[in-house]
Amino acid sequence: MMKGQLAGLMKQAQQMQENMKKVQEALGDIVVEGTSGGGLVKVEMTCRHDVKRITLDPSLLSDAEEKDFLEDLIAAAVNDALRKVESTTEQKMSAVTAGMPLPGGLKFPF
């Protein structure tokens, strides 16, 4: 590899690293909503895994015997939000790394 190509590759890598840092910071501002029970339970979470709000449909609060069911719905909504965080994060990061030539077998940890 010629010296100029290596310098260009290093510059691209540095720019990509800076862009990835910006995207990671921006992910804290992106909020996804996970739902379960057909929308009876909603969880709002940032793409940095901070739960911002849990919303319960009032119909879920009328029967104390539904406690186990409600807990399962909350867990399902949190898991739905986590899957959306992973998907959103992957999309944002792949946009940063698109077009960057990587040596064979090299993968990023995301």
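Me: What share of the contacts with a separation of 6 or more in the protein chain comes from residues 24 or more positions apart?
Reply: Such residues account for 51% of those contacts. Please keep in mind that this is a predicted model. A pair of residues counts as in contact here because heavy atoms of the two lie within 4.5 Å.

Me: What makes the pattern of the protein chain α-β-β-β-α?
Reply: Read along the sequence, that is the order in which its elements come. The chain has two helices and three strands.

Me: Why is H1 called roughly antiparallel to H2?
Reply: Let's start with the angle. The axes of helix H1 (residues 3–27) and helix H2 (residues 67–97) cross at roughly 160° and come within 9 Å. Angles over 145 degrees count as roughly antiparallel, and therefore H1 is roughly antiparallel to H2. The crossing of the two is right-handed.

Me: Why give both an angle and a distance for two packed helices?
Reply: Two packed helices are described by both: the angle between their axes and the distance between the axes.

Me: Which residues in H1 and H2 meet?
Reply: From H1 come Met16, Asn19, Met20, Val23, Gln24 and Leu27, and they meet Thr89, Lys92, Met93, Val96 and Thr97 in H2. Sorted by class, this contact has six nonpolar, four polar and one charged residues.

Me: How do you know that S1 and strand S2 pair in the antiparallel sense?
Reply: Six bridges join S1 and strand S2 (residues 41–46) in the antiparallel sense. One example is Gly34, whose bridge partner in S2 is Val43. Val43 also stands opposite Ile54 in S3. S2 and S3 run antiparallel too, joined by five bridges.

Me: What makes S1 and strand S3 stand at the edges?
Reply: The open sheet has three strands in the order S1-S2-S3, with antiparallel pairing. S1 and strand S3 (51–56) each have a single partner strand, so one side of each is left without a neighbour in the sheet. On average, neighbouring strands of this sheet are turned by 15° against each other, direction ignored.

Me: Which residues in the two hairpins have a positive phi?
Reply: In the hairpin of S1 and S2, Gly37 takes a positive phi near 60°. In the hairpin of S2 and S3, His49 in the turn has a positive phi of about 70°. There are four residues between S1 and S2, and four between S2 and S3.

Me: Which residues of S1 are on its covered face, and which on its uncovered one?
Reply: Strand S1 (residues 31–36) has Val32, Gly34 and Ser36 on the covered face. Val31, Glu33 and Thr35 are on the uncovered one. As for what lies across the strands, H2 lies across S1, S2 and S3, running at about 145° to S1.

Me: Why does Thr46 count as buried?
Reply: Its relative accessibility is 1%. Buried means under 20%, so Thr46 counts as buried. Thr46 lies in strand S2. Leaving aside neighbours within four places in sequence, Thr46 is in contact with Leu27, Gly28, Ile30, Val31, Lys52 and Val85. The C-alpha atoms of Thr46 and Glu33 are separated by 8.8 Å, while the two residues are 13 residues apart along the chain.

Note on methods:
Residues are numbered from 1 along each chain as its sequence is written. This is a predicted model: local features need pLDDT of at least 70, side-chain atom pairs count only at pLDDT 80 or more; totals for chains, interfaces and linings use all residues. Side-chain values use heavy atoms; hydrogens and water are left out. Axes are lines fitted to C-alpha atoms, for helices over the stretch in contact, and angles run from 0 to 180 degrees between N-to-C directions. Angles under 35 degrees count as roughly parallel, over 145 as roughly antiparallel, 65 to 115 as roughly perpendicular and the rest as oblique. A crossing is left-handed if the near helix is turned anticlockwise from the far one by less than a right angle, and right-handed if clockwise. Ala, Val, Leu, Ile, Met, Phe, Trp, Tyr, Cys and Pro count as nonpolar, Asp, Glu, Lys and Arg as charged, and the others, Gly among them, as polar. Buried means under 20% relative accessible area, exposed over 50%, partly exposed in between (1.4 Å probe, protein chains only). Two strands pair if DSSP finds at least two bridges between them.
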